[in-house]
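Notes follow in the order I took them.

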Amino acid sequence: MKYESQLIAKPYFIFAMILFAGQVIFGLLMGLQYLNGDAGFPYIPFNAARMVHTNLLIVWMLFGFMGASYYLVPEEAETELYSPVLAKITFWVFVVAGVATILGYLLVPYAELARITKNELFPTMGREFLEQPTITKIGIVLVCLSFVFNIAMTILKGRKTVINMVLITGLAGLALFYLFSFYNPDSLTMDKYFWWFVVHLWVEGVWELILGALLAFVLIKVTGVDREHIEKWLYVIIAMALISGLIGMGHHYFWVGPPRYWLWMGSFFSALEPVPFFMMVLFAFKMVKERRREHGNKIATTWAQGTAVMAFLGAGVWGFLHTLAPVNYYTHGTQLTAAHGHLAFFGAYAMVVMCMISYSMPVMNGRPQGNSAQAQKVERWGFWLMCIGMLGITFALTAAGIWQVALQRIPDAGEALSFMATQDAIAPFYVARLLFGLLFAAGVITYFASFVVANRGAKQTSSEGLTEQTA
Ligand code: HEM
Ligand code: HEM
Ligand SMILES: [Fe+2]
């Protein structure tokens, strides 16, 4: 670690991991509720658990991206963070707003929460992923503004690398598109149209820039490959991501009322979306193969390669499965959607945050060459258990989805099974989902354990890990 202000990343990462644990607990609860609808009754109904599960996910991704940026940007810009104090204040504001909102979801009925927070004055609540009370949304905007400002000022006063520029573009886009969460038109079509601007111009647009920048940073560090070489790859990947994703997002406009040309525009452009994800796989493996040094932090390299592969599977392969309009006509809103949503979110964004943590936490703890062999071994177990658990969840839901389409969607009216009868028929796949969910949770616990395993034998530096590293 070169700059003291990079240490601000630590609380962000730790809090992100706490929220991650919470997300998984609520995932397991819902997995159980799918089998026994009364589980958790009357304290935590499914709708509240779902909201908590998905909102924790989004919020821990944001904490993760912020921590990653606070670590990465000073090092790339070769200067201290513009304002460490502002970064600390932002952290606490975000923690308080986040915790209060989650407690609100759990402690009072949603309609009551809307009433308490005066949703009627400026109605923005009630839409998937954007359930936050308006006041929380305003808080998120303020946090994002202060964060982007801090990062931008740091970049402005220091070295302007391609990685920093791509990252700040992605972060600014993240803040910008979130503003559409305040637009809540009466027309359901218009509402859906702009709702997708937030979540899917994020995951299929600007977040891919963040993903590319973080991967490139870790790869430079662990492989020692020339920066120029890595930057060329990054340019091509983000260009492909934006060309395909911005219009490819139209795969969500097939059935919600926008003009019919979206049928072929959405199909065509989203069919190209796997390309940048595939290039990330080539990129990661090629850089590791051409490495100029043997970095002691082997597991961080594994995370980087794993992120590329799992993101390609989840977003590229599982996304492509149902993205063409003639296929999506049958699969829309089935368990196939949930299969893809899980593998894509985990493979791309959860994993890239853990990749950054894996590389940077040991450095911040004074171990620039990574944790001890033993700690890395435990972390490797965590990595594989989580990956296998998530692949298992994905396969179970894919099978459930295909069966659901066969029973409920393909047969003619009159012969098709009803929604609930279909759910009963595919229940065995939900048992499998829960079992793999438990495996996934075991992976999370193992991963957390790797942080407390003894680090005897790992090269330690003095004074909070400040060291003269090159590259
Ligand atoms: C890392 C990137 C991605 C993430 C995190 C992601 C996540 C998600 C999530 C959570 C949903 C469900 C949304 C909802 O209805 O609540 C979804 C839907 C969808 N995604 Fe992705 N996605 C990604 C990339 C892609 C790509 C690259 C494609 C196409 C190649 C794709 C195709 C689709 C389609 C077609 C749907 C709609 C499914 C339906 O009609 O029910 N996604 N995605
Ligand atoms: C123990 C592991 C997990 C279990 C059992 C689980 C279970 C569930 C369930 C039951 C739902 C609701 C689906 C529905 O409404 O029908 C859900 C939604 C969701 N979960 Fe998980 N989850 C787990 C872990 C994760 C992880 C690690 C991620 C991402 C990193 C994730 C991302 C999502 C997303 C994006 C949705 C919304 C999907 C959509 O709109 O289609 N989950 N999860
Ligand atoms: Fe999408």
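Water is not among the atoms, so sites may look incomplete. I also keep in mind that this is a predicted model.

**Entry 1: the iron atom of ligand 2.** I looked up which protein atoms reach the iron atom of ligand 2. They are NE2 of His53 and NE2 of His342, lying 2.0 Å from the iron. I then checked the angles. The 6 donor atoms subtend 85 to 179°, which makes the arrangement octahedral. For reference, ideal angles for six octahedral donors are 90 or 180 degrees.

Where do His53 and His342 sit? I find His53 in helix H2 (residues 46–77) and His342 in helix H13 (residues 335–364), so the pair ties together parts that are 289 residues apart in sequence. Next I looked up accessibility. His53 has a relative accessible area of 12% and is therefore buried. His342 comes out at 28%, so I log His342 as partly exposed.

**Entry 2: the iron ion (ligand 3).** I listed the protein donors of this ion: His200 (ND1), Glu204 (OE), His251 (NE2) and His252 (NE2). Their distances run from 1.6 to 2.3 Å. Four donors count as tetrahedral if all angles lie between 85 and 135 degrees.

The sequence spacing of the donor residues reads H-x3-E-x46-H-H. His200 is in helix H7 (residues 188–223), while His251 is in the loop between helix H8 (227–248) and helix H9 (262–271). These two are 51 residues apart, so I record a link between distant parts of the chain. Both His200 and His251 are buried. I also looked up the spacing between metals: the iron ion (ligand 3) lies 3.9 Å from the iron atom of ligand 1.

**Entry 3: H7 against H10.** I followed H7 to its packing with helix H10 (residues 274–289). The angle is about 10° and the axes are 10 Å apart. H7 and H10 are therefore roughly parallel. On the H7 side the contact includes Leu211, Leu215 and Leu219; on the H10 side it includes Phe277, Met280 and Phe283. By class, I get 11 nonpolar, 1 polar and 1 charged residues.

**Entry 4: Ala399.** I placed Ala399 in helix H14 (residues 373–409). Its relative accessibility is 27%, so Ala399 counts as partly exposed. Phe429 is 30 residues from Ala399 in sequence, with a C-alpha to C-alpha distance of 7.1 Å.

Note on methods
Residues numbered from 1 in each chain as written. Chains lettered and ligands numbered in written order. Predicted model: local features only at pLDDT ≥ 70, side-chain atom pairs only at ≥ 80, totals over all residues. Heavy atoms only, no water. Donors = N, O, S within 2.8 Å, 3.2 Å for Na, K, Ca; no water. Helix = DSSP H or I, 4+ residues; strand = E, 2+ residues; numbered from the N terminus. Buried < 20%, exposed > 50% of the residue type's maximum accessible area, 1.4 Å probe, protein only. Axes fitted to C-alpha atoms, helices over the stretch in contact; angles between N-to-C directions. Parallel < 35°, antiparallel > 145°, perpendicular 65-115°, else oblique. Contact = heavy atoms within 4.5 Å. Nonpolar A, V, L, I, M, F, W, Y, C, P; charged D, E, K, R; others polar. Tetrahedral: all angles 85-135°; square planar, octahedral: opposite > 155°, others 65-115°.
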